[in-house]
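Please look over the structure below before reading on. The notes that follow are meant to be read beside it.

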Amino acid sequence: MIPADVVRLPAPTDPTADSYKDWLHLNVFGPRDCIGLVNVSVHGRPADPSCQVVTTALLHTGDAWHGNVVTGSWAQAAVGLDRIGTPAGSVALEPGGRVIAGASVDDLALHLVAAPVVPAYPAVEPQPFGTGWIGWRVLPRLSAEGPIRIGDHALSGGTRLAYHDHNWGRWHWGDDIGWDWGSFLHGAGDGSVVFARTTDRAHLRCGSPTVLLDRAGARRTFTGDRVRVEWSGQAAPPARRLPGAMAALHGDHRRPRIPAVLRLSARSGRDGLELEFTARSVAQLILADPVTAGFSFLHEIGGHFEAAGRLAGGSWDMAGPAVVERLE
Amino acid sequence: MSAGTGPGTGLGTSPDQNVRGPDRSLLAYISELVSRLGAGDPAAADRLREVVGDRRARIGLDDVTVLVAFDRAGGLRIVEVTDPDGPAGAAVDGTGSTTHPVVLDLLAGRREVADAVLDGDIEIRGHADAVAALFSAVDILLEAAARLPALRELADEYVAAHRRAPSPSDLPPPSTTRRGWPPDLHDAVEEALLYRWGLRHRPPSPSV
(Lines give C-alpha, C1' and ligand atoms only; values in the text may rest on other atoms or scores of the structure.)
Protein backbone atom coordinates (compact mmCIF):
# COMPACT_ATOMS: atom_id res chain seq x y z
CA MET A 1 0.00 0.00 0.00
CA ILE A 2 1.53 3.27 -1.07
CA PRO A 3 0.96 6.01 1.54
CA ALA A 4 -1.02 8.90 0.21
CA ASP A 5 0.82 11.99 -0.84
CA VAL A 6 -0.81 15.33 -0.17
CA VAL A 7 -0.72 18.79 -1.66
CA ARG A 8 1.41 20.86 0.71
CA LEU A 9 -0.74 23.96 1.09
CA PRO A 10 0.86 26.60 3.33
CA ALA A 11 -0.72 27.55 6.63
CA PRO A 12 -2.76 30.76 6.47
CA THR A 13 -0.20 32.52 8.66
CA ASP A 14 2.83 31.28 6.71
CA PRO A 15 4.91 34.41 6.00
CA THR A 16 6.58 32.70 3.02
CA ALA A 17 3.32 31.85 1.25
CA ASP A 18 3.91 34.48 -1.45
CA SER A 19 6.64 32.23 -2.83
CA TYR A 20 4.62 29.02 -2.52
CA LYS A 21 4.85 26.58 -5.40
CA ASP A 22 3.21 23.15 -5.68
CA TRP A 23 2.54 20.86 -8.57
CA LEU A 24 1.37 17.40 -9.48
CA HIS A 25 3.02 16.05 -12.59
CA LEU A 26 2.47 13.04 -14.82
CA ASN A 27 4.55 12.02 -17.84
CA VAL A 28 3.17 9.45 -20.26
CA PHE A 29 5.19 7.56 -22.85
CA GLY A 30 3.57 5.99 -25.90
CA PRO A 31 2.11 4.99 -28.19
CA ARG A 32 5.35 4.52 -30.09
CA ASP A 33 7.60 7.56 -29.53
CA CYS A 34 4.92 9.87 -28.17
CA ILE A 35 5.86 11.73 -25.00
CA GLY A 36 3.25 13.62 -23.03
CA LEU A 37 2.82 15.48 -19.80
CA VAL A 38 0.04 16.80 -17.63
CA ASN A 39 1.01 19.22 -14.90
CA VAL A 40 -1.24 21.32 -12.71
CA SER A 41 0.47 23.79 -10.45
CA VAL A 42 -0.17 26.50 -7.87
CA HIS A 43 2.00 29.62 -7.79
CA GLY A 44 1.77 32.13 -4.95
CA ARG A 45 -0.34 32.68 -1.87
CA PRO A 46 -3.49 30.52 -2.05
CA ALA A 47 -6.75 32.45 -2.29
CA ASP A 48 -4.90 35.68 -3.03
CA PRO A 49 -6.05 37.40 -6.26
CA SER A 50 -2.45 37.18 -7.52
CA CYS A 51 -2.28 33.39 -7.05
CA GLN A 52 -2.04 31.52 -10.34
CA VAL A 53 -3.10 27.95 -11.02
CA VAL A 54 -1.55 26.70 -14.25
CA THR A 55 -2.47 23.69 -16.37
CA THR A 56 0.14 22.38 -18.77
CA ALA A 57 -0.81 19.59 -21.15
CA LEU A 58 1.59 18.69 -23.93
CA LEU A 59 2.11 15.75 -26.22
CA HIS A 60 4.97 15.34 -28.67
CA THR A 61 4.05 12.98 -31.47
CA GLY A 62 7.29 13.02 -33.38
CA ASP A 63 6.47 15.97 -35.58
CA ALA A 64 4.91 18.58 -33.30
CA TRP A 65 4.06 19.54 -29.74
CA HIS A 66 0.30 19.54 -29.20
CA GLY A 67 -1.56 21.11 -26.29
CA ASN A 68 -0.80 24.35 -24.48
CA VAL A 69 -0.41 26.11 -21.15
CA VAL A 70 -3.51 27.63 -19.55
CA THR A 71 -3.11 30.10 -16.69
CA GLY A 72 -6.00 30.77 -14.36
CA SER A 73 -6.69 32.21 -10.97
CA TRP A 74 -7.26 30.55 -7.60
CA ALA A 75 -10.97 31.38 -7.86
CA GLN A 76 -11.23 29.25 -11.01
CA ALA A 77 -9.45 26.26 -9.47
CA ALA A 78 -10.32 23.43 -7.11
CA VAL A 79 -7.37 22.66 -4.88
CA GLY A 80 -7.51 20.11 -2.11
CA LEU A 81 -5.15 17.84 -0.24
CA ASP A 82 -5.42 15.19 -2.93
CA ARG A 83 -5.80 17.16 -6.13
CA ILE A 84 -5.17 20.31 -8.07
CA GLY A 85 -7.81 21.02 -10.70
CA THR A 86 -8.80 23.73 -13.13
CA PRO A 87 -11.40 23.86 -15.90
CA ALA A 88 -8.58 22.91 -18.29
CA GLY A 89 -7.18 19.95 -16.42
CA SER A 90 -6.51 18.21 -13.15
CA VAL A 91 -4.26 15.71 -11.43
CA ALA A 92 -5.59 13.75 -8.47
CA LEU A 93 -3.88 11.33 -6.10
CA GLU A 94 -5.52 8.24 -4.68
CA PRO A 95 -4.47 6.59 -1.41
CA GLY A 96 -3.26 3.43 -3.16
CA GLY A 97 -0.88 5.47 -5.29
CA ARG A 98 -3.00 5.78 -8.44
CA VAL A 99 -2.72 9.06 -10.27
CA ILE A 100 -5.68 10.34 -12.27
CA ALA A 101 -4.79 13.00 -14.83
CA GLY A 102 -7.12 14.68 -17.30
CA ALA A 103 -6.80 17.70 -19.51
CA SER A 104 -8.43 19.37 -22.47
CA VAL A 105 -6.19 22.07 -23.85
CA ASP A 106 -6.22 23.34 -27.44
CA ASP A 107 -6.11 20.28 -29.71
CA LEU A 108 -5.09 17.83 -26.97
CA ALA A 109 -7.52 15.94 -24.76
CA LEU A 110 -6.66 13.04 -22.50
CA HIS A 111 -7.84 11.18 -19.44
CA LEU A 112 -5.37 8.79 -17.87
CA VAL A 113 -5.52 6.47 -14.89
CA ALA A 114 -2.00 5.53 -13.88
CA ALA A 115 -1.27 2.76 -11.39
CA PRO A 116 2.15 2.39 -9.78
CA VAL A 117 4.24 -0.57 -10.85
CA VAL A 118 6.96 0.02 -8.25
CA PRO A 119 6.80 1.64 -4.81
CA ALA A 120 7.12 5.37 -4.44
CA TYR A 121 10.39 6.75 -3.15
CA PRO A 122 10.10 8.45 0.25
CA ALA A 123 9.56 12.17 -0.03
CA VAL A 124 12.87 14.00 -0.23
CA GLU A 125 13.39 16.36 2.68
CA PRO A 126 13.28 20.01 1.62
CA GLN A 127 16.53 21.06 0.01
CA PRO A 128 17.86 24.59 -0.37
CA PHE A 129 16.73 26.04 -3.68
CA GLY A 130 17.76 29.58 -4.48
CA THR A 131 16.67 31.69 -1.52
CA GLY A 132 14.02 29.11 -0.65
CA TRP A 133 13.64 25.35 -0.69
CA ILE A 134 12.14 22.47 -2.68
CA GLY A 135 10.64 19.13 -1.75
CA TRP A 136 10.07 16.15 -4.04
CA ARG A 137 8.25 12.83 -4.09
CA VAL A 138 8.64 10.35 -6.93
CA LEU A 139 6.72 7.41 -8.38
CA PRO A 140 9.22 6.38 -11.06
CA ARG A 141 7.15 3.90 -13.04
CA LEU A 142 3.42 3.55 -13.52
CA SER A 143 1.16 1.82 -15.99
CA ALA A 144 -1.36 4.20 -17.56
CA GLU A 145 -4.55 3.62 -19.48
CA GLY A 146 -7.00 6.00 -21.02
CA PRO A 147 -7.86 7.90 -24.18
CA ILE A 148 -5.63 10.49 -25.79
CA ARG A 149 -7.00 12.61 -28.63
CA ILE A 150 -5.44 15.19 -30.89
CA GLY A 151 -8.27 17.10 -32.51
CA ASP A 152 -10.61 14.47 -33.89
CA HIS A 153 -7.87 11.84 -34.07
CA ALA A 154 -7.71 9.26 -31.28
CA LEU A 155 -4.28 7.81 -30.59
CA SER A 156 -4.12 4.05 -30.45
CA GLY A 157 -5.01 2.70 -27.03
CA GLY A 158 -3.43 0.14 -24.82
CA THR A 159 -1.29 0.42 -21.76
CA ARG A 160 1.30 3.12 -21.66
CA LEU A 161 4.21 3.83 -19.35
CA ALA A 162 4.07 6.80 -17.00
CA TYR A 163 6.06 8.71 -14.42
CA HIS A 164 4.70 10.82 -11.59
CA ASP A 165 6.20 13.28 -9.21
CA HIS A 166 5.09 15.96 -6.83
CA ASN A 167 7.18 19.08 -6.19
CA TRP A 168 6.52 21.77 -3.65
CA GLY A 169 8.41 24.53 -1.88
CA ARG A 170 9.15 28.21 -1.69
CA TRP A 171 10.93 30.18 -4.40
CA HIS A 172 10.28 32.84 -7.01
CA TRP A 173 10.56 32.26 -10.73
CA GLY A 174 13.38 34.42 -12.01
CA ASP A 175 15.55 33.73 -8.95
CA ASP A 176 19.04 32.33 -9.48
CA ILE A 177 17.67 28.76 -9.75
CA GLY A 178 17.73 25.91 -12.18
CA TRP A 179 17.49 22.17 -12.39
CA ASP A 180 18.24 19.16 -14.52
CA TRP A 181 15.82 16.28 -14.34
CA GLY A 182 15.06 13.22 -16.43
CA SER A 183 12.71 10.25 -16.55
CA PHE A 184 13.85 7.18 -18.47
CA LEU A 185 11.51 4.17 -18.70
CA HIS A 186 12.45 0.91 -20.35
CA GLY A 187 10.00 0.55 -23.21
CA ALA A 188 10.30 -3.19 -23.78
CA GLY A 189 10.27 -4.46 -20.24
CA ASP A 190 10.88 -3.66 -16.63
CA GLY A 191 13.12 -0.84 -15.43
CA SER A 192 13.38 2.89 -14.86
CA VAL A 193 15.97 5.55 -14.17
CA VAL A 194 15.28 8.96 -12.67
CA PHE A 195 17.87 11.73 -12.55
CA ALA A 196 17.66 15.06 -10.73
CA ARG A 197 19.84 17.87 -9.46
CA THR A 198 19.31 21.51 -8.63
CA THR A 199 21.57 24.14 -10.13
CA ASP A 200 21.95 27.88 -10.33
CA ARG A 201 20.34 29.61 -13.27
CA ALA A 202 23.42 29.35 -15.49
CA HIS A 203 23.97 25.68 -14.60
CA LEU A 204 27.47 26.52 -13.42
CA ARG A 205 26.99 25.70 -9.74
CA CYS A 206 25.30 22.33 -9.40
CA GLY A 207 23.87 20.62 -6.37
CA SER A 208 24.41 16.99 -5.54
CA PRO A 209 22.97 14.80 -8.30
CA THR A 210 20.62 11.92 -7.58
CA VAL A 211 20.04 8.87 -9.77
CA LEU A 212 17.28 6.41 -8.88
CA LEU A 213 17.52 2.98 -10.53
CA ASP A 214 14.71 0.42 -10.43
CA ARG A 215 14.70 -2.96 -12.13
CA ALA A 216 13.15 -6.35 -11.45
CA GLY A 217 12.13 -5.50 -7.93
CA ALA A 218 15.57 -4.17 -7.00
CA ARG A 219 16.32 -0.56 -6.32
CA ARG A 220 19.46 1.55 -5.92
CA THR A 221 20.06 5.23 -5.27
CA PHE A 222 23.26 6.93 -6.37
CA THR A 223 24.15 10.40 -5.11
CA GLY A 224 26.96 12.91 -4.93
CA ASP A 225 30.38 11.90 -6.21
CA ARG A 226 29.06 8.51 -7.32
CA VAL A 227 27.27 10.25 -10.19
CA ARG A 228 28.85 11.89 -13.18
CA VAL A 229 26.80 14.16 -15.40
CA GLU A 230 27.89 15.34 -18.82
CA TRP A 231 25.97 17.53 -21.25
CA SER A 232 27.14 18.02 -24.81
CA GLY A 233 26.05 19.15 -28.22
CA GLN A 234 23.29 21.61 -28.99
CA ALA A 235 19.64 20.83 -29.52
CA ALA A 236 17.55 22.54 -32.16
CA PRO A 237 15.71 25.69 -30.95
CA PRO A 238 12.43 25.06 -29.16
CA ALA A 239 9.73 23.93 -31.56
CA ARG A 240 7.14 25.64 -29.37
CA ARG A 241 7.38 28.31 -26.71
CA LEU A 242 4.47 28.68 -24.30
CA PRO A 243 2.46 30.60 -23.34
CA GLY A 244 2.57 32.36 -26.70
CA ALA A 245 2.18 35.80 -25.16
CA MET A 246 5.21 35.22 -22.93
CA ALA A 247 7.17 33.91 -25.89
CA ALA A 248 6.44 37.16 -27.72
CA LEU A 249 7.70 39.09 -24.69
CA HIS A 250 10.92 37.07 -24.48
CA GLY A 251 12.17 36.96 -28.03
CA ASP A 252 15.67 36.98 -26.56
CA HIS A 253 15.10 33.39 -25.37
CA ARG A 254 14.04 32.18 -28.78
CA ARG A 255 17.27 30.28 -29.37
CA PRO A 256 18.56 29.09 -25.99
CA ARG A 257 21.67 26.97 -25.80
CA ILE A 258 20.14 23.65 -24.83
CA PRO A 259 22.44 20.62 -24.91
CA ALA A 260 21.37 17.75 -27.13
CA VAL A 261 23.06 14.86 -25.34
CA LEU A 262 23.02 13.89 -21.68
CA ARG A 263 25.34 11.21 -20.38
CA LEU A 264 24.96 9.82 -16.89
CA SER A 265 27.37 7.52 -15.17
CA ALA A 266 26.78 6.15 -11.68
CA ARG A 267 28.75 3.64 -9.65
CA SER A 268 28.45 2.24 -6.14
CA GLY A 269 30.00 -1.08 -5.26
CA ARG A 270 29.05 -3.62 -7.91
CA ASP A 271 26.02 -1.63 -9.03
CA GLY A 272 26.14 1.03 -11.64
CA LEU A 273 24.82 2.37 -14.89
CA GLU A 274 25.79 4.19 -18.04
CA LEU A 275 23.03 6.14 -19.74
CA GLU A 276 22.91 8.29 -22.84
CA PHE A 277 19.96 10.48 -23.80
CA THR A 278 19.63 12.22 -27.14
CA ALA A 279 17.22 15.09 -27.60
CA ARG A 280 14.68 15.04 -30.40
CA SER A 281 12.54 18.13 -29.76
CA VAL A 282 12.28 20.90 -27.20
CA ALA A 283 9.29 22.83 -25.85
CA GLN A 284 10.00 25.93 -23.79
CA LEU A 285 7.67 26.88 -20.95
CA ILE A 286 8.01 30.45 -19.71
CA LEU A 287 7.20 30.71 -16.03
CA ALA A 288 6.16 34.12 -14.70
CA ASP A 289 6.20 34.67 -10.98
CA PRO A 290 2.89 36.12 -9.79
CA VAL A 291 4.53 38.27 -7.10
CA THR A 292 7.95 39.35 -8.34
CA ALA A 293 8.79 40.53 -11.85
CA GLY A 294 10.84 37.43 -12.60
CA PHE A 295 10.68 34.78 -15.29
CA SER A 296 12.24 31.33 -15.54
CA PHE A 297 12.50 29.16 -18.63
CA LEU A 298 11.72 25.46 -18.39
CA HIS A 299 12.76 23.31 -21.33
CA GLU A 300 10.92 20.03 -21.83
CA ILE A 301 13.28 17.95 -23.93
CA GLY A 302 11.75 14.88 -25.56
CA GLY A 303 14.07 12.24 -26.91
CA HIS A 304 15.39 8.71 -26.70
CA PHE A 305 17.70 6.96 -24.27
CA GLU A 306 19.81 3.84 -23.99
CA ALA A 307 21.31 2.55 -20.77
CA ALA A 308 23.11 -0.46 -19.41
CA GLY A 309 24.55 -1.50 -16.07
CA ARG A 310 24.46 -3.85 -13.15
CA LEU A 311 22.04 -4.12 -10.27
CA ALA A 312 21.72 -6.70 -7.49
CA GLY A 313 24.10 -9.10 -9.15
CA GLY A 314 22.61 -8.98 -12.62
CA SER A 315 23.35 -7.12 -15.83
CA TRP A 316 20.66 -5.18 -17.58
CA ASP A 317 20.03 -2.84 -20.45
CA MET A 318 17.19 -0.45 -21.20
CA ALA A 319 16.02 1.79 -24.01
CA GLY A 320 13.01 3.86 -24.90
CA PRO A 321 11.52 7.33 -25.19
CA ALA A 322 12.48 9.72 -22.42
CA VAL A 323 11.98 13.26 -21.26
CA VAL A 324 14.53 15.56 -19.69
CA GLU A 325 13.93 18.99 -18.18
CA ARG A 326 16.36 21.84 -17.97
CA LEU A 327 15.26 24.89 -15.99
CA GLU A 328 17.11 28.20 -16.25
CA MET B 1 -12.44 26.66 -3.48
CA SER B 2 -13.75 26.75 -6.97
CA ALA B 3 -16.10 29.47 -8.13
CA GLY B 4 -15.86 28.37 -11.74
CA THR B 5 -16.96 25.35 -13.72
CA GLY B 6 -15.00 22.84 -11.67
CA PRO B 7 -11.91 20.80 -12.46
CA GLY B 8 -11.40 19.24 -15.85
CA THR B 9 -11.25 15.61 -14.86
CA GLY B 10 -12.37 14.10 -18.15
CA LEU B 11 -12.60 14.85 -21.78
CA GLY B 12 -14.54 18.00 -21.34
CA THR B 13 -13.62 21.15 -23.14
CA SER B 14 -11.63 23.95 -21.59
CA PRO B 15 -13.38 27.28 -21.23
CA ASP B 16 -11.65 28.86 -24.20
CA GLN B 17 -13.13 26.20 -26.45
CA ASN B 18 -16.78 26.50 -25.59
CA VAL B 19 -17.26 29.92 -24.04
CA ARG B 20 -17.50 32.66 -26.58
CA GLY B 21 -17.48 36.04 -24.92
CA PRO B 22 -19.03 39.21 -26.28
CA ASP B 23 -18.35 39.72 -29.96
CA ARG B 24 -15.90 42.58 -29.60
CA SER B 25 -14.61 44.71 -32.39
CA LEU B 26 -10.93 45.58 -32.64
CA LEU B 27 -11.77 48.99 -31.18
CA ALA B 28 -13.52 47.34 -28.26
CA TYR B 29 -10.66 44.93 -27.62
CA ILE B 30 -8.05 47.67 -27.50
CA SER B 31 -10.25 49.85 -25.30
CA GLU B 32 -10.89 46.96 -22.92
CA LEU B 33 -7.19 46.07 -22.89
CA VAL B 34 -6.16 49.55 -21.77
CA SER B 35 -9.06 49.78 -19.33
CA ARG B 36 -8.22 46.49 -17.62
CA LEU B 37 -4.56 47.41 -17.50
CA GLY B 38 -5.42 50.63 -15.71
CA ALA B 39 -7.65 48.86 -13.26
CA GLY B 40 -5.22 46.04 -12.50
CA ASP B 41 -1.83 47.75 -12.70
CA PRO B 42 -2.06 51.55 -12.65
CA ALA B 43 1.74 51.87 -12.68
CA ALA B 44 1.95 49.84 -15.89
CA ALA B 45 -0.81 51.95 -17.41
CA ASP B 46 1.20 55.08 -16.55
CA ARG B 47 4.27 53.55 -18.20
CA LEU B 48 2.20 52.78 -21.27
CA ARG B 49 1.06 56.39 -21.57
CA GLU B 50 4.60 57.64 -21.02
CA VAL B 51 6.03 55.33 -23.70
CA VAL B 52 3.37 56.24 -26.25
CA GLY B 53 3.49 59.95 -25.44
CA ASP B 54 1.66 62.09 -27.95
CA ARG B 55 2.16 59.68 -30.85
CA ARG B 56 -0.67 58.40 -33.00
CA ALA B 57 -0.77 54.88 -34.39
CA ARG B 58 -2.83 53.14 -37.02
CA ILE B 59 -3.52 49.52 -36.08
CA GLY B 60 -4.95 47.08 -38.59
CA LEU B 61 -6.31 43.60 -37.98
CA ASP B 62 -7.59 41.85 -41.07
CA ASP B 63 -9.86 44.41 -42.77
CA VAL B 64 -10.43 46.60 -39.72
CA THR B 65 -8.26 49.65 -39.01
CA VAL B 66 -8.28 51.93 -35.98
CA LEU B 67 -6.45 55.09 -34.99
CA VAL B 68 -5.13 55.07 -31.45
CA ALA B 69 -3.66 57.80 -29.29
CA PHE B 70 -3.71 59.14 -25.74
CA ASP B 71 -5.05 62.62 -25.12
CA ARG B 72 -3.36 65.13 -22.83
CA ALA B 73 -5.33 63.87 -19.85
CA GLY B 74 -4.09 60.33 -20.50
CA GLY B 75 -7.38 59.09 -21.82
CA LEU B 76 -7.41 56.64 -24.70
CA ARG B 77 -8.71 58.02 -27.96
CA ILE B 78 -9.55 55.36 -30.50
CA VAL B 79 -11.64 55.51 -33.64
CA GLU B 80 -12.27 53.06 -36.44
CA VAL B 81 -11.07 54.21 -39.81
CA THR B 82 -13.06 53.16 -42.85
CA ASP B 83 -10.58 54.61 -45.36
CA PRO B 84 -7.02 54.12 -44.06
CA ASP B 85 -5.62 56.08 -47.01
CA GLY B 86 -8.05 58.96 -46.59
CA PRO B 87 -7.60 62.15 -44.51
CA ALA B 88 -8.76 60.50 -41.30
CA GLY B 89 -6.09 57.83 -41.65
CA ALA B 90 -3.23 60.21 -42.29
CA ALA B 91 -0.82 61.90 -39.91
CA VAL B 92 0.19 58.93 -37.82
CA ASP B 93 3.60 58.27 -36.36
CA GLY B 94 3.51 54.53 -36.93
CA THR B 95 1.37 51.76 -38.31
CA GLY B 96 1.03 48.10 -37.48
CA SER B 97 -1.06 45.45 -39.15
CA THR B 98 -1.57 41.73 -39.09
CA THR B 99 -4.35 39.13 -39.29
CA HIS B 100 -6.41 37.06 -36.88
CA PRO B 101 -4.70 33.74 -37.86
CA VAL B 102 -1.28 35.25 -37.14
CA VAL B 103 -2.41 36.52 -33.73
CA LEU B 104 -3.89 33.11 -32.92
CA ASP B 105 -0.66 31.37 -33.91
CA LEU B 106 1.38 33.76 -31.77
CA LEU B 107 -0.88 33.25 -28.75
CA ALA B 108 -0.71 29.49 -29.27
CA GLY B 109 3.09 29.61 -29.30
CA ARG B 110 3.15 28.08 -32.77
CA ARG B 111 4.93 31.03 -34.31
CA GLU B 112 7.56 33.59 -33.30
CA VAL B 113 7.05 37.32 -33.69
CA ALA B 114 10.35 37.63 -35.54
CA ASP B 115 9.32 34.96 -38.04
CA ALA B 116 5.96 36.62 -38.61
CA VAL B 117 7.70 39.93 -39.28
CA LEU B 118 10.22 38.39 -41.67
CA ASP B 119 7.43 36.52 -43.44
CA GLY B 120 5.62 39.78 -43.97
CA ASP B 121 2.67 38.67 -41.86
CA ILE B 122 3.21 41.46 -39.34
CA GLU B 123 3.92 44.86 -40.80
CA ILE B 124 5.29 47.66 -38.65
CA ARG B 125 6.14 50.98 -40.26
CA GLY B 126 7.22 54.35 -38.92
CA HIS B 127 10.13 56.33 -37.67
CA ALA B 128 12.53 54.36 -35.50
CA ASP B 129 11.38 55.98 -32.26
CA ALA B 130 7.73 55.34 -33.10
CA VAL B 131 8.40 51.68 -33.92
CA ALA B 132 10.37 51.31 -30.70
CA ALA B 133 7.50 52.91 -28.77
CA LEU B 134 5.00 50.57 -30.38
CA PHE B 135 7.01 47.49 -29.39
CA SER B 136 7.58 48.87 -25.88
CA ALA B 137 3.83 49.37 -25.49
CA VAL B 138 3.20 45.78 -26.55
CA ASP B 139 5.85 44.57 -24.06
CA ILE B 140 4.13 46.46 -21.24
CA LEU B 141 0.82 44.82 -22.08
CA LEU B 142 2.34 41.35 -22.38
CA GLU B 143 4.20 41.63 -19.10
CA ALA B 144 1.06 42.79 -17.33
CA ALA B 145 -0.89 39.92 -18.91
CA ALA B 146 1.47 37.50 -17.13
CA ARG B 147 0.10 38.69 -13.78
CA LEU B 148 -3.35 40.17 -14.38
CA PRO B 149 -6.15 37.60 -14.65
CA ALA B 150 -8.40 40.17 -16.34
CA LEU B 151 -5.95 40.53 -19.25
CA ARG B 152 -5.53 36.78 -19.56
CA GLU B 153 -9.30 36.38 -19.66
CA LEU B 154 -9.50 38.96 -22.45
CA ALA B 155 -6.93 36.99 -24.44
CA ASP B 156 -8.86 33.77 -23.81
CA GLU B 157 -12.01 35.50 -24.99
CA TYR B 158 -10.29 36.63 -28.18
CA VAL B 159 -8.99 33.11 -28.86
CA ALA B 160 -12.43 31.63 -28.27
CA ALA B 161 -14.03 34.16 -30.60
CA HIS B 162 -11.58 33.67 -33.45
CA ARG B 163 -10.31 30.13 -33.02
CA ARG B 164 -10.18 27.95 -36.06
CA ALA B 165 -10.61 24.16 -35.95
CA PRO B 166 -7.23 22.59 -35.10
CA SER B 167 -5.86 19.62 -37.00
CA PRO B 168 -3.49 16.86 -35.83
CA SER B 169 -0.55 18.53 -37.59
CA ASP B 170 -1.56 22.10 -37.05
CA LEU B 171 1.54 23.87 -38.26
CA PRO B 172 1.63 27.28 -39.92
CA PRO B 173 1.70 27.02 -43.72
CA PRO B 174 5.10 27.56 -45.33
CA SER B 175 5.62 31.14 -46.22
CA THR B 176 6.42 32.24 -49.71
CA THR B 177 7.18 35.80 -48.70
CA ARG B 178 10.12 35.24 -46.30
CA ARG B 179 12.40 38.18 -46.48
CA GLY B 180 16.12 37.83 -46.12
CA TRP B 181 18.00 39.25 -43.20
CA PRO B 182 19.22 41.88 -42.99
CA PRO B 183 16.39 43.43 -45.02
CA ASP B 184 17.22 45.47 -48.08
CA LEU B 185 17.51 49.10 -47.15
CA HIS B 186 16.28 51.79 -49.43
CA ASP B 187 18.37 54.58 -47.93
CA ALA B 188 21.86 54.48 -49.47
CA VAL B 189 23.32 56.85 -46.86
CA GLU B 190 22.01 54.63 -44.07
CA GLU B 191 23.44 51.55 -45.79
CA ALA B 192 26.88 53.13 -46.04
CA LEU B 193 26.81 54.35 -42.45
CA LEU B 194 25.88 50.95 -41.05
CA TYR B 195 28.53 49.23 -43.15
CA ARG B 196 31.20 51.69 -42.01
CA TRP B 197 30.30 51.05 -38.36
CA GLY B 198 30.41 47.29 -38.83
CA LEU B 199 26.69 46.93 -38.22
CA ARG B 200 26.01 45.60 -41.67
CA HIS B 201 28.11 42.95 -43.31
CA ARG B 202 27.02 43.49 -46.89
CA PRO B 203 28.82 46.40 -48.55
CA PRO B 204 26.56 49.18 -49.78
CA SER B 205 25.28 49.01 -53.33
CA PRO B 206 27.66 50.41 -55.92
CA SER B 207 25.56 53.56 -56.45
CA VAL B 208 26.61 54.93 -53.01
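What follows is a short briefing, grouped by topic.

The model is predicted. A search of the whole structure finds 31 salt bridges over all chains. Chain B comes to 8 helices and 5 strands.

**Chain B overall**

- Along the sequence, the elements of chain B run α-α-α-β-β-β-β-α-α-β-α-α-α.
- Chain B has 208 residues, and 36% of them count as buried.
- Among contacts in chain B with a separation of 6 or more, 59% are between residues 24 or more positions apart.
- The accessible surface of chain B is about 12,000 Å². Carbon and sulfur atoms account for 57% of that surface.

**Helix α2 of chain B**

- Helix α2 of chain B covers residues 26–40, which is 15 residues. At 1.5 Å a residue it should span 21 Å, and its end C-alpha atoms are 21 Å apart, so the two values agree.
- Which residues of α2(B) are buried? They are L26(B), Y29(B), I30(B), V34(B), R36(B) and L37(B).
- The background is helix geometry: an α-helix has 3.6 residues a turn, so residues three or four places apart point the same way.
- What do the buried residues of α2(B) pack against? Their partners in chain B are the helices α3 (42–52), α6 (128–145) and α7 (149–162), along with the strands β1 (57–61), β2 (64–70) and β3 (76–81).

**Helix α7 of chain B**

- Helix α7(B) has 14 residues. From first C-alpha to last it reaches 20 Å, close to the 20 Å expected at 1.5 Å a residue.
- Its buried residues are L151(B), R152(B), L154(B), E157(B), Y158(B), V159(B), A160(B) and A161(B).
- One of these, R152(B), is also in contact with S73(A).

- Side chains of opposite charge can pair when their charged atoms come close.
- R110(B) pairs with D106(A), with the closest N and O atoms 3.9 Å apart. This pair crosses between chains. R110(B) is in the loop between α4 (100–107) and α5 (113–118) of chain B, and D106(A) is in the loop between β8 (99–105) and β9 (108–116) of chain A.
- Are R110(B) and D106(A) buried or exposed? Both are buried.
- R326(A) forms a salt bridge with D180(A), with the closest N and O atoms 3.5 Å apart. The pair links distant parts of the chain. R326(A) is in strand β24 (residues 314–327) and D180(A) is in strand β15 (residues 178–185), 146 residues apart.
- R326(A) and D180(A) are both buried.
- D71(B) bridges to R77(B), and their closest N and O atoms are 2.8 Å apart. D71(B) has a relative accessible area of 24%, so it is partly exposed.
- Salt bridges with shared partners join D106(A), D107(A), R110(B) and R163(B) into one network.

**A nonpolar patch on chain A**

- V6(A), L9(A) and L81(A) make a nonpolar surface patch of about 240 Å².
- L81(A) lies in the loop between β5 (78–80) and β6 (83–86) of chain A.
- Relative accessibility of L81(A) is 54%, so it counts as exposed.

**Single sites**

- S73(A) is in strand β4 (residues 65–73) of chain A. Its relative accessible area is 11%, so S73(A) is buried.
- Beyond neighbours within four places in sequence, S73(A) is in contact with C51(A), V53(A), P149(B) and R152(B).
- D41(B) sits in the loop between α2 and α3 of chain B. At 26% relative accessibility, D41(B) is partly exposed.
- D41(B) and R147(B) are 106 residues apart in sequence, but 9.3 Å apart in space, C-alpha to C-alpha.
- G130(A) is in the loop between β10 (124–129) and β11 (132–145) of chain A. Leaving aside neighbours within four places in sequence, it is in contact with D176(A) and I177(A).
- G130(A) and H172(A) are 42 residues apart in sequence and 8.5 Å apart in space, C-alpha to C-alpha.

Technical notes:
Residues are numbered from 1 along each chain as its sequence is written. Chains are lettered from A and ligands numbered from 1 in the order in which they are written. This is a predicted model: local features need pLDDT of at least 70, side-chain atom pairs count only at pLDDT 80 or more; totals for chains, interfaces and linings use all residues. Side-chain values use heavy atoms; hydrogens and water are left out. A salt bridge is a side-chain nitrogen of Lys or Arg within 4 Å of a carboxyl oxygen of Asp or Glu. Helices (H or I, at least four residues) and strands (E, at least two) are DSSP runs, numbered from the N terminus. Buried means under 20% relative accessible area, exposed over 50%, partly exposed in between (1.4 Å probe, protein chains only). Patches are made of residues with over 30% relative accessible area and no salt bridge: like charges are joined within 9 Å, nonpolar side chains (Val, Leu, Ile, Met, Phe, Trp, Tyr) within 5 Å. Accessible areas come from the Shrake-Rupley method with a 1.4 Å probe; for residues, only the protein chains shown count as cover. The expected span of a helix is 1.5 Å times one less than its number of residues. Contact means heavy atoms within 4.5 Å.
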